[in-house]
Amino acid sequence: MTDAILPGFEPKPDPALDEVADALLRMDPSGTRWANVIRHTYDMIYNGAETGRYRWGDLAKTEKTHFGTLFEINAQREFEFADGSGDPDDPLDRGLDYNIAGHDVDAKWSQDDGRWMLPPEVFGKLALVATGSDPKSEFSVGLVRVRPEFLTTRSKGNRDQKSWLSAFGRQQVRWLWRHAPMPENVLLRLPQSSITHILDSKSGAERVARLFLEAEGLLIHRSTVATVARQLDHQKRARGNGGARDLVRPDGYLIMSGAYHSDVAATLGVPVPSRAEYVAARVVPSSDGQGALLEGRLWRLAVAGEASILPAPLLPDEEKRRTRRSGESRA
């Protein structure tokens, strides 16, 4: 596809856009914080703990429309952006969504890449444009100066006088993160037969246990656990004391939390979870001097078809709690 062109267009230096871009990259060089903001916004709009939903297509039209507002709020909370200050010489200019590096910036989300709705008050101003795909586990965030020559012609029935970026205008977006990865919604990755098996239990702990078995070796976000558990204390269903961890241990499975067990996951060679994620793995005793030291012996990943001859060991924090309880009972 050839690039769209605009006869007579002359690019202009935009120091304000440069300063905002530099500030955003300093705040989040890797894009991880933006990825988490967008993951969190999807999870908020699904509200899986109460509704069981985990797909964009499950949402009502009004909920889809509300996504942009939640994205704006969550980004402001994460990065502590100041409110837009407006033009002090114009009493009608109350400012845009944010003030970043001393410049007002409007936040725009579109689930459809490139279809950001731009009202007249943002014309000539800076816009932070964002989009994402939950099935692809990716997001994009960029900046654009909303110049008139970048916009489509307004339709006659458009009472709000909102415009969109033209094909040429979309080429003028300065992408800070383009098709960058965000935490995966693992329920969208599993086959429907696995989803049916996971949900086919009246027990929240059993559903969560099945989730970890079906998604062995994959990073599982805590929001996914909440969606499957459908209980107020949903994260307890992933732990011991009658939770999923106890249910899968006899078959040799560990359920590791990024908050406590990232070092164990790294030693075993499985994906290392963030503080908001879990990962499950089946382990067996190691005889080659390599592996994770748990309960006084070394353990390694089991290979496909290898029998689990022993239950999985307790993880370090579980072992400490058991030792503490044992000491208290003797006292």
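Q: Which element gives the most to the lining of the largest pocket?
A: In this predicted model, helix α4 gives the most to that lining, with six residues. The elements that contribute two or more residues are α4 (61–79) and β3 (103–109).

Q: What makes up the lining of the largest pocket by class, and which residues are the closest to its centre?
A: The pocket holds about 660 Å³ of space, and of the 20 residues that line it, Lys64, Thr65, Trp109, Ser110 and Met117 are the closest to the centre. By class, the lining divides into seven nonpolar, five polar and eight charged residues.

Q: Why is α6 called roughly antiparallel to α7?
A: The axes of α6 (residues 192–199) and α7 (residues 204–214) come within 8 Å and cross at roughly 155°. Angles over 145 degrees count as roughly antiparallel, and therefore α6 is described as roughly antiparallel to α7.

Q: Which residues make the contact of α6 with α7?
A: On the α6 side the contact is made by Ser194, His197, Ile198 and Leu199, and on the α7 side by Arg207, Arg210, Leu211 and Glu214. These residues divide into three nonpolar, two polar and three charged.

Q: What makes Phe81 and Tyr98 an aromatic pair, and why is the pair called tilted?
A: The ring centres of Phe81 and Tyr98 are 4.7 Å apart, and rings pair if their centres lie within 6.5 Å, so the two residues count as an aromatic pair. The angle between their planes is 40°, and because planes under 30 degrees apart count as stacked and those over 60 as edge-to-face, this pair falls among the rest and is tilted. The structure holds 15 aromatic pairs.

Q: Which parts does the pair of Phe81 and Tyr98 tie together?
A: Phe81 lies in the loop between α4 and β1 (82–83), whereas Tyr98 belongs to strand β2 (residues 98–100), so the pair ties together parts that are 17 residues apart in sequence.

Note on methods. Residues numbered from 1 in each chain as written. Predicted model: local features only at pLDDT ≥ 70, side-chain atom pairs only at ≥ 80, totals over all residues. Heavy atoms only, no water. Axes fitted to C-alpha atoms, helices over the stretch in contact; angles between N-to-C directions. Helix = DSSP H or I, 4+ residues; strand = E, 2+ residues; numbered from the N terminus. Parallel < 35°, antiparallel > 145°, perpendicular 65-115°, else oblique. Contact = heavy atoms within 4.5 Å. Nonpolar A, V, L, I, M, F, W, Y, C, P; charged D, E, K, R; others polar. 1 Å grid on protein atoms, 1.4 Å probe; cavity = no way out; pocket = protein on both sides within 12 Å on 5 of 7 lines; lining within 4 Å. Points joined across faces, edges and corners; volume = space filled by probe spheres on them. Phe/Tyr/Trp six-rings, centres within 6.5 Å; stacked < 30°, edge-to-face > 60°.
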